[in-house]
Amino acid sequence: SAFSRLPVGDPRQTGVLLGPLHDKAAYDAFLAAMDQVRADGGTVSGGERLLIDEHPDAFYVRPALARLPAPSAGMQRETFAPLLHVVPYRDFDEAVAIQNDVPQGLSSCVMTNDVREAEAFLSAAGSDCGIANVNIGPSGAEIGGAFGGEKETGGGRESGSDAWRGYMRRATNTINYSSALPLAQGDKAPPPLGEVARRAGGGEL
């Protein structure tokens, strides 16, 4: 598959897409996540350790594709490794519900040619992540875009259109260009007390 052909190696080299895992602890977590998939009744393709002879102290791995019959607890945890979980769904609404049913909420994406699905995914009823993309991966590192998430991966936004907020103070300003002095919220000023008294004496009230 195309997933298994992704170039793995020294990320400083041109054409390499995937570098090594951070350390042995990350590799052990990767193995544990794949074992969890199998324990949940799923299958795993890929995930082998690579380039052992060239880099015996590094942990290069082939990306793993995990197929599960239904969502599992293992999908709720971040592995920080190239492991993609795939589960079946009945319709678009269920697919969005499966995506949102995790404690994390940093970045998300949907691949679709249906404009209605794309708009629904980006709406308040769609992805609950801080970053939602259509027909592009969920890396969330687009230059010029605000970066930040929701839920356990929340904490505000940085960069992008929000970057300037750290250098500004917020103020609300109203400018009246007329010669009158209007009250707030469109209220009308009551007549002076003397005028009210004259109206009362003249039988107007």
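Axes here are lines fitted to C-alpha atoms, for helices over the stretch in contact, and the angles between N-to-C directions run from 0 to 180 degrees. Helices (H or I, at least four residues) and strands (E, at least two) are DSSP runs, numbered from the N terminus. With those terms in hand, we can look at a pair of helices, then at the core and some individual residues.

This is a predicted model, in which local features need pLDDT of at least 70 and side-chain atom pairs count only at pLDDT 80 or more, while totals for chains, interfaces and linings use all residues. Residues are numbered from 1 along each chain as its sequence is written, and side-chain values use heavy atoms, with hydrogens and water left out.

## The chain as a whole

The protein chain holds four helices and nine strands. Followed along the sequence, these elements come in the pattern α-β-β-β-β-β-α-β-β-α-β-β-α. Of the 205 residues, 23% count as buried; buried means under 20% relative accessible area, exposed means over 50%, and partly exposed lies in between (1.4 Å probe, protein chains only). Contact means heavy atoms within 4.5 Å. Among contacts between residues at least 6 apart in sequence, 44% join residues at least 24 apart.

## Two helices side by side

How do the axes of α2 and α3 come together? The axes of helix α2 (residues 92-100) and helix α3 (residues 115-122) come within 11 Å and cross at roughly 30°. The two helices are therefore roughly parallel to each other, since angles under 35 degrees count as roughly parallel, over 145 as roughly antiparallel, 65 to 115 as roughly perpendicular and the rest as oblique. On the α2 side, the contact is made by Phe 92, Val 96 and Gln 99, and on the α3 side by Glu 117, Ala 120 and Phe 121. These residues divide into four nonpolar, one polar and one charged. In this grouping, Ala, Val, Leu, Ile, Met, Phe, Trp, Tyr, Cys and Pro count as nonpolar, Asp, Glu, Lys and Arg as charged, and the others, Gly among them, as polar.

## The nonpolar core

In soluble globular proteins, nonpolar side chains tend to be buried together. A nonpolar core is a set of buried Ala, Val, Leu, Ile, Met, Phe, Trp, Tyr and Cys residues joined through side-chain atoms within 4.5 Å. The largest one here has 16 residues, and those with the most contacts inside it are Leu 21, Tyr 27, Phe 30, Met 34, Val 44, Ala 64 and Leu 83. Two or more residues are given to this core by α1 (24-39) and by β4 (64-67). The largest share, six residues, comes from α1.

Not counting residues up to four places away in sequence, Val 44 touches Met 34, Val 37, Arg 38, Ala 64, Leu 65 and Ala 66.

## Pairs brought together by the fold

| Pair | Apart in sequence | C-alpha to C-alpha |
|---|---|---|
| Leu 83 and Pro 63 | 20 residues | 6.1 Å |
| Gln 36 and Met 75 | 39 residues | 9.5 Å |
| Arg 49 and Pro 63 | 14 residues | 9.5 Å |
| Cys 129 and Gly 154 | 25 residues | 9.0 Å |

Gln 36 lies in helix α1 and is partly exposed, with a relative accessible area of 28%. Leaving aside neighbours within four places in sequence, Gln 36 is in contact with Gly 74 and Arg 77. Arg 49 is found in strand β2 and counts as partly exposed at 24% relative accessibility.

Is Cys 129 buried or exposed? At 15% relative accessibility, Cys 129 counts as buried, and its place is in the loop between α3 and β8 (131-134).

## Two positive phi angles

Leu 51 has a positive phi of about 55° although it is not a glycine. Leu 51 lies in the loop between β2 (49-50) and β3 (60-61). Lys 151 also has a positive phi of about 55° without being a glycine, but Lys 151 lies in strand β9 (residues 150-151).
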